[in-house]
Amino acid sequence: MPFYGLRTLPHMPVLSESSPTVRDRLLSLPPLLYGGLKLESRYLLSPLAGYTNLPFRRIVRELGGVGLATTDLVNARGLLDRSPKTLQLIETCLADRPFAVQIFGGDPVIMRDAAQLLEARGVDSIDINMGCPVSRITKVGAGASLMCQADRTIDLARAVVESVKIPVTVKMRLGWDSTQLTAPAFAREFEQVGVAAVAIHGRTREQGFSGVVDRTGIRKVVEAVERIPIIGNGDIRTVEEGERMFAETGCHAISMGRGALANPWLFRQFVEWEATGEYSPAGTFDDRLVLLKRQFEYAVEQRGIERAITSFRKMAHWYLKAMCVSASLRNQLQEARTRLEFDTALDDIASQGPTRGSRSGLLPSLHISVPAGPNANW
Ligand SMILES: Cc1cc2nc3c(=O)[nH]c(=O)nc-3n(C[C@H](O)[C@H](O)[C@H](O)COP(=O)(O)O)c2cc1C
C-alpha cells in the first residue's frame with residue numbers, strides 16, 4: 001500500500017495571532033462526530049492502564065464535560081478467550097456512555113473477531129492501540145510496533161473497520177523514533193480505509209514521556225487528513241494548555257489522561273470555558289475527599305472490598321497527592337488491609353486536612369508524574 005505525500009488542506013486553518021480566538025473557532029465547528037456517533041463535547045478521557053476503569057470513568061462523567069471515555073488497553077485475544085480479567089476491563093454501566101474500548105493485538109483476524117464481540121456487547125466505539133511502548137506489547141507486533149509496519153498495519157485497521165458498523169478509531173504516537181515520524185502518513189491511510197478519528201500523543205515511542213509534546217508534529221497529522229477529526233493529546237493539565245493545543249495544531253478535539261487524574265473537573269472546566277470564556281475552579285480538599293470515597297465505593301461495588309482496597313491504591317496516590325495529604329497519612333491509607341483500616345485512615349485524613357492550602361479553597365497544582373524506568377518496561 002503506497003504512502004501518499006503530505007498535503008496541506010484548507011479545512012482546518014491553524015490559528016495565527018490575527019485569527020479569531022480559539023473559542024470562536026471551536027464554537028463555529030460542527031459537533032464532534034465519530035462516524036455516526038455524535039459526542040457531546042470535544043474533551044475526551046485518554047486511556048490510562050490501571051486507572052481508566054469503570055469507577056474512575058463514572059466519577060469523571062458525573063462531574064461533567066466528558067465527550068467520550070475509553071477503557072484501558074484490552075488484549076484482543078483475552079477477549080476472545082473470555083478471560084475474566086479481560087472481561088472485567090470492559091465492564092460498564094448505563095451512566096458510562098458513550099463508551100469506547102481500546103483493543104491491542106497484532107493479528108488482524110483476532111482484532112476483527114474481538115471488534116465483533118465488542119459490537120455485539122453494545123460498545124459504542126472501538127479504539128486500536130498503536131501507541132503502547134511496553135515491550136510485552138510491542139514484541140507481539142502490537143502497540144507502537146504497528147507504526148513500523150505500514151502495509152500490515154493498514155490491513156489490520158481495514159479488517160477491523162470492515163468487520164463492524166460502530167466507529168473505529170486509532171490512538172498512536174508521532175512515530176517509533178525521530179527518524180520515523182510516520183503518524184501523518186498513517187493517519188491519511190487510516191482515513192482512506194474508514195477509520196473515524198485518530199488520537200495522537202505528540203511524542204515518539206522512543207521518547208516515552210520525556211521532553212515536551214511536539215505540537216508541530218500533531219499539526220502535521222491534522223494537515224494530512226481530509227475530514228476525520230484528529231484528537232490532540234499530551235501534557236494538557238489546564239484549560240490554558242488545552243487552548244494552546246487547539247491553537248497550535250488546529251486539532252478538532254483533545255484528550256486528557258494524567259491531567260484528569262490530577263483534576264477530574266478538567267472536562268467540565270473546558271466545557272464552561274468553551275461556552276463562556278470562564279471556568280469554575282477544580283474541587284477543594286473536601287470535594288476531593290467526597291470523590292475519593294465515592295470512587296472507592298464504586299470499586300467495592302465492582303470488585304468486592306478486598307480487591308477494591310488493593311486496586312484502589314494507585315488511584316488513591318493521585319487523590320491524596322492532589323489533596324496535599326501528609327506522607328504519613330498517605331502511607332497509612334496505602335497500607336490499609338481491611339475496611340476498618342481504610343475508613344480509619346480516611347477519618348484521620350479528613351481531620352488533619354491539607355498540609356498546604358486550605359480545606360475549602362484552592363490547592364497548589366499537582367506535579368504530574370510519569371511512569372518510572374525505561375519505557376519498554378512500564
Ligand atoms: C500510567 C499510564 C497508562 C497508560 N495507558 C495507556 C493505554 O492503556 N492505552 C493508551 O493508548 N495509552 C495509554 N497511556 C498514554 C495516555 O493515554 C496518553 O497518551 C499519555 O499519557 C499522554 O497524555 P497525558 O499527558 O494527558 O497523560 C498511558 C499513560 C500512562 C501514564
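Met-172 stands opposite Ile-200 in strand 8. The model is a predicted one: local features need pLDDT of at least 70, side-chain atom pairs count only at pLDDT 80 or more, and totals for chains, interfaces and linings use all residues. Residues are numbered from 1 along each chain as its sequence is written.

Strand 8 (residues 197–201) pairs with strand 7 (residues 168–173) in the parallel sense over five bridges. Pairing requires that DSSP finds at least two bridges between two strands. Helices (H or I, at least four residues) and strands (E, at least two) are DSSP runs, numbered from the N terminus. Eight strands form a closed barrel in the order 3-4-5-6-7-8-9-10, with parallel pairing. On average, neighbouring strands of this sheet are turned by 25 degrees against each other, direction ignored.

Two helix pairs follow. Packed helices are described by the angle between their axes and the distance between the axes. Axes are lines fitted to C-alpha atoms, for helices over the stretch in contact, and angles run from 0 to 180 degrees between N-to-C directions.

| Helices | Angle | Axes |
|---|---|---|
| Helix 2 (residues 54–63) and helix 13 (residues 285–311) | roughly 140 degrees | come within 8 Å |
| Helix 7 (residues 150–163) and helix 8 (residues 183–193) | about 30 degrees | 9 Å apart |

Helix 7 and helix 8 are therefore roughly parallel to each other; angles under 35 degrees count as roughly parallel, over 145 as roughly antiparallel, 65 to 115 as roughly perpendicular and the rest as oblique. Their contact is made by Ile-154, Ala-157, Arg-158 and Val-161 of helix 7 with Glu-189, Phe-190 and Val-193 of helix 8. Contact here means C-beta atoms, placed from the backbone, within 7 Å. These residues divide into five nonpolar, no polar and two charged. Ala, Val, Leu, Ile, Met, Phe, Trp, Tyr, Cys and Pro count as nonpolar, Asp, Glu, Lys and Arg as charged, and the others, Gly among them, as polar.

In the other pair, Leu-54, Pro-55, Phe-56, Arg-58 and Ile-59 of helix 2 meet Leu-291, Arg-294, Gln-295, Tyr-298, Ala-299 and Gln-302 of helix 13. That contact has seven nonpolar, two polar and two charged residues.

The ligand is surrounded by 22 residues, the closest being Ser-46, Ala-49, Leu-73, Gly-257 and Arg-258; a residue is near if its C-beta atom, placed from the backbone, lies within 6 Å. Strand 4 (68–75) and helix 11 (258–262) each supply at least two residues of this shell. By class, the shell has eight nonpolar, ten polar and four charged residues.

How values were computed:
Two residues are in contact if their C-beta atoms, placed from the backbone, lie within 7 Å.
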